[in-house]
Amino acid sequence: MSRRSFKFNNCAEETKGRMALYRRRKSDLREVALSVMEELERYGQLHGYKTMHLKCIQKGLQVTQETVRILLQLIDPEGVAYRRSKRLRRRLYRNPGPNYMRHIDSYDKLKPYGICINAAIDGFSRNIIWIKAYWTNSNPRIIAGYFMEEVEKLGRCQARVRCDMGTENVYLKQMQRFLRYDHVDEFARDCFIYGSSNHKQRIESWWSYLRKQHAQFWINMFQQLKEENEFSGDLLDESLVQFCFMNIIQNELNEVADLWNMHRIRRCRNAIAPNGHPLLMYNLPNHFVGTDHLQNVSRQQVRLCKDECTFRCLKLHVQ
């Protein structure tokens, strides 16, 4: 070794000593594994090994990417498989049969033009129970009227209902609880559920279908009237739209619902749900590993609820 190299090495060793520099020791493997498991309990289950390695570094752990990769394969093989196939780990929607959960919601895309839509869909079969167009979908007595029409027609009510927290669902909520008051099943006291839009998967998904297959045509037409100054949005213009188009739109909505109920839903790998025709799944649940959850109600209960409802009337809207 030359004198210059020897001198440089001595200088480097002296500098390390003064600055307290040393080779970092790798963290204990059990500590790293516990950190990874803690992250997998949260949104960290969506991370790949590179992001998980970065999180370990931020926590002060000294570990290689390869070690984190192997730990993830051992601890969370299912998550690794999902990320490798570039698929999100979605929440699975479970429903044991028709009339177990009914999703009810309103569609407001045509509301600026005076057409207000409300619909209900069965969570198991995805069968459209009703879809109504009227001058309002904010009146709780009207929404309760839609609900009670179906209860009276079936002579029974569904086990549970899910709606959003709008005031239009107040009467419906009370009627559902009243109809289920004497029942003793496990959901009798939890028969009505408030939920935001992201929890009403079935109906929110169907609104997308409705817009593509029907509503966009009317949105475009009314927007054109607006651009041509033929529609100002005042009460008179809305009343004219309702008088001219309400029955036409309602008939078309019935056609769209029938088309949906008769189409075939394909098998989905990411959901625990039957595949087939919604109308058949709703009426023949035994053939699709389901059980009907309709609950008995008395005529007196139905009559008392109907007294508090306002029922839709389109007699004035003659084509």
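So, by class, which residues make up the lining of the second largest pocket? Seven nonpolar, four polar and four charged ones. Here nonpolar is Ala, Val, Leu, Ile, Met, Phe, Trp, Tyr, Cys and Pro, charged is Asp, Glu, Lys and Arg, and the others, Gly among them, are polar.

Before I go on, the housekeeping: this is a predicted model, where local features need pLDDT of at least 70, side-chain atom pairs count only at pLDDT 80 or more, and totals for chains, interfaces and linings use all residues. Numbering runs from 1 along each chain as its sequence is written, and side-chain values use heavy atoms, with hydrogens and water left out.

Back to that pocket. A pocket, on a 1 Å grid over the protein atoms alone, is an open set of points where a 1.4 Å probe fits, with protein on both sides within 12 Å along at least five of seven lines; lining residues have an atom within 4 Å of a point. The volume is about 260 Å³, meaning the space filled by probe spheres set on the points, which are joined across faces, edges and corners. Of its 15 lining residues, Ile128, Ile129, Trp130, Glu150 and Lys153 are the closest to the centre. Two or more lining residues come from each of β3 (128-134), α6 and α9 (235-262); helices (H or I, at least four residues) and strands (E, at least two) are DSSP runs, numbered from the N terminus.

Now α6 again. Residues 140-154 form α6, and its axis comes within 8 Å of that of α7 (residues 170-179), crossing at roughly 35 degrees. Axes are lines fitted to C-alpha atoms, for helices over the stretch in contact, with angles from 0 to 180 degrees between N-to-C directions. Contact means heavy atoms within 4.5 Å. Among the residues making it are Phe147 and Met148 of α6 and Tyr171 and Leu172 of α7.

On to the cores: buried Ala, Val, Leu, Ile, Met, Phe, Trp, Tyr and Cys residues joined through side-chain atoms within 4.5 Å, with buried meaning under 20% relative accessible area (1.4 Å probe, protein chains only). The largest has 30 residues, and Trp206 and Trp207 are among those touching the most other members. α8 gives the most, nine residues. Apart from that core lies another, of 24 residues, including Ala144 and Val151.

Last stop, Cys56 in α3 (residues 49-58). Why does cysteine 56 count as buried? Because its relative accessibility is 1%. Cysteine 56 touches Val32, Ser35 and Leu61, among others, leaving out residues up to four places away in sequence.

Technical notes:
Buried < 20%, exposed > 50% of the residue type's maximum accessible area, 1.4 Å probe, protein only.
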